[in-house]
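Look at the chain and the model below.

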Amino acid sequence: MASASLAAAATSPASSPLTLDAIPLASRPAQGGAATAAAPRKRPVLLLDHRPHPASPTPPLLSSTAAAAAAAAAAAASAPHARRKKASHPPRPRWQTVLSIAAKNAVLLAALLYLGDLAWRWSHPPPPSPPPDRAALEGYAARVDEVEASLARTFRMIQVQLEAVDRKIDGEVGTARGDLLALLEEKRLALEGQLTRLDAKAGELGDALDGLKRMEFLRKDEFEKFWNEVKGSLGSGSGSEVDLDQVRALAREIVMREIEKHAADGIGRVDYAVASGGGRVVRHSEAYLPKRGGLMGWIPGGDVGPKPEKMLQPSFGEPGQCFAMQGSSGFVEIKLKSGIIPEAVTLEHVSKDVAYDRSTAPKDCLVSGWYEETPGETQLGHAAKMALVEFTYDLEKNNVQTFDVSAPDVGVINMIRLDFNSNHGSSQLTCIYRLRVHGHEPVSPGTAGSQA
């Protein structure tokens, strides 16, 4: 190829100056002759002389024009051989040859220019791209701001919806809580009512159990002994049967004896503080002195003057037959008939079936006892002052209530003191209808003096 020949010629170190071998024009064949057609055509050819010139240095590289000329010369040199091989083809016109050479030279020039441009681009990189336009940045920032504003609006809408849902949930929860609290309160009140009724029943049951404890039940041997006595009193042998009518007659007799005993003083126990037996009131707190027409009108038929012996007499259940003391607290000291070993005390108030007002009844009470020696008495070792029993008078129970002495190892006493710290509501006075003291006397004076 022409480019290869040109490159070989350009890089050859021993190349000589170009020499042109001129071919005379006279050697061109004449047109139109037969001899001319047979003879080969003579063309001017540029030959490169590769012989070194002895007197000249190594020539510089050929320019692109010289390279093109050399390529053309090489092509002309190879033309006779081609013509010999293809003798049958007609020769081309000269202008075609020149045009072909010019085209090849143009292609070679374009390739060289392209390679030079690539080398130039590689040695001179392009400058960095200029910063983006300020207007574009502002537009991008504006779009970003719009997106942020849209997101903020969406977040606020979601937050408003969440708050609305929270308020609705809170309302529903509050309503449910209120309903639940109301239901719980209703159940609580119902349960409290049931517990109150249960406590009342438990109190009644406790009272019944206390009554049963105070009752003296017969053991089997005691019942057999009693039954044998019954059969003996009826005149029947131990092996004979007892008639039912006889049992009824005996039971009637026993009941009548008990009725007579209880009718004597209501509870069938000896009272060592009764005024008719020798008991008397020694001291008491301030008595209540009503104005005329005041308390007398409040308790019809009442005679509540300063008569403390009313506490030691039967009142027969009449309202107002009592001893009244000032205020809701006070005390009473009573000298007993004789020295006894105390067993119980009984406090009586007017019955709720006939009472006008029971707020004057004493409530929290304490009974103390001791032995007070009389002048000339030489016996020693009697009981000192001590608390015998502490109790609460209950208006819901029987109006006559007996309380057993709870203090252990009580000796002989002849003095009783009743202290009441409160009553059942009255702030003006407290009424005591009757106070009784039960017990038994010592067997002998020596025994009485030995007990402490």
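Is Tyr433 buried or exposed? Tyr433 is buried, with a relative accessible area of 4%. Here buried means under 20% relative accessible area, exposed means over 50%, and partly exposed lies in between (1.4 Å probe, protein chains only).

A word on the source. The model is predicted, so local features need pLDDT of at least 70, side-chain atom pairs count only at pLDDT 80 or more, and totals for chains, interfaces and linings use all residues. Residues are numbered from 1 along each chain as its sequence is written, and side-chain values use heavy atoms, with hydrogens and water left out.

Back to Tyr433. This residue sits in the loop between strand E8 (429–432) and E9. Helices (H or I, at least four residues) and strands (E, at least two) are DSSP runs, numbered from the N terminus. What does Tyr433 touch? Leaving out residues up to four places away in sequence, its contacts include Lys310, Met311, Pro319, Gly320, Cys322, Glu348 and Val350. A contact means heavy atoms within 4.5 Å. Lys310 is 123 residues from Tyr433 in sequence, yet the two C-alpha atoms are 7.0 Å apart in space.

Next comes strand E9 (residues 434–440). Six of its seven residues are buried, so the strand is largely enclosed by the rest of the structure. E9 pairs with strand E3 (residues 330–348) in the antiparallel sense, over seven bridges. Two strands count as paired if DSSP finds at least two bridges between them. Within this pairing, Ile341 stands opposite His440 of E9.

Arg436 and Glu348 form it, with the closest N and O atoms 2.8 Å apart. The term means a side-chain nitrogen of Lys or Arg within 4 Å of a carboxyl oxygen of Asp or Glu. Arg436 lies in E9 and Glu348 in E3, so the pair ties together parts that are 88 residues apart in sequence. Both partners are covered: Arg436 is buried at 4% relative accessible area, and Glu348 is buried at 10%. Glu348 is also one of the residues that Tyr433 touches. Elsewhere, salt bridges with shared partners join Arg283, Glu333, Arg417 and Asp419 into one network.

E3 has another partner, E6 (residues 400–404). These two strands run antiparallel and are joined by five bridges. Thr346 has Thr402 of E6 as its bridge partner. Which side chains of E6 point to the buried face? They are Gln401 and Phe403.

Now turn to helix H6 (residues 134–214). Two salt bridges here can be taken in turn. Glu138 and Arg134 meet at 3.4 Å, N to O. They are four residues apart in H6, so about one helical turn separates them. Arg134 is exposed, at 63% relative accessibility. Glu138 is partly exposed, at 46%. Further along, Arg188 bridges to Glu185, with the closest N and O atoms 2.2 Å apart. Being three residues apart in H6, Arg188 and Glu185 are also separated by about one helical turn. Arg188 is partly exposed at 35% relative accessibility, and Glu185 is partly exposed at 36%.

On the surface there is a nonpolar patch. Leu112, Tyr114, Leu115 and Leu118 form it, with about 410 Å² of accessible area together. Patches are made of residues with over 30% relative accessible area and no salt bridge; like charges are joined within 9 Å, and nonpolar side chains (Val, Leu, Ile, Met, Phe, Trp, Tyr) within 5 Å. Leu118 belongs to helix H5 (residues 94–123). At 39% relative accessibility, Leu118 counts as partly exposed.

Finally, the whole protein. It has 10 helices and nine strands. Of its 452 residues, 26% count as buried. It exposes about 30700 Å², and carbon and sulfur atoms supply 60% of that area. Accessible areas come from the Shrake-Rupley method with a 1.4 Å probe; for residues, only the protein chains shown count as cover. The structure holds 11 salt bridges. Among contacts between residues at least 6 apart in sequence, 77% join residues at least 24 apart.
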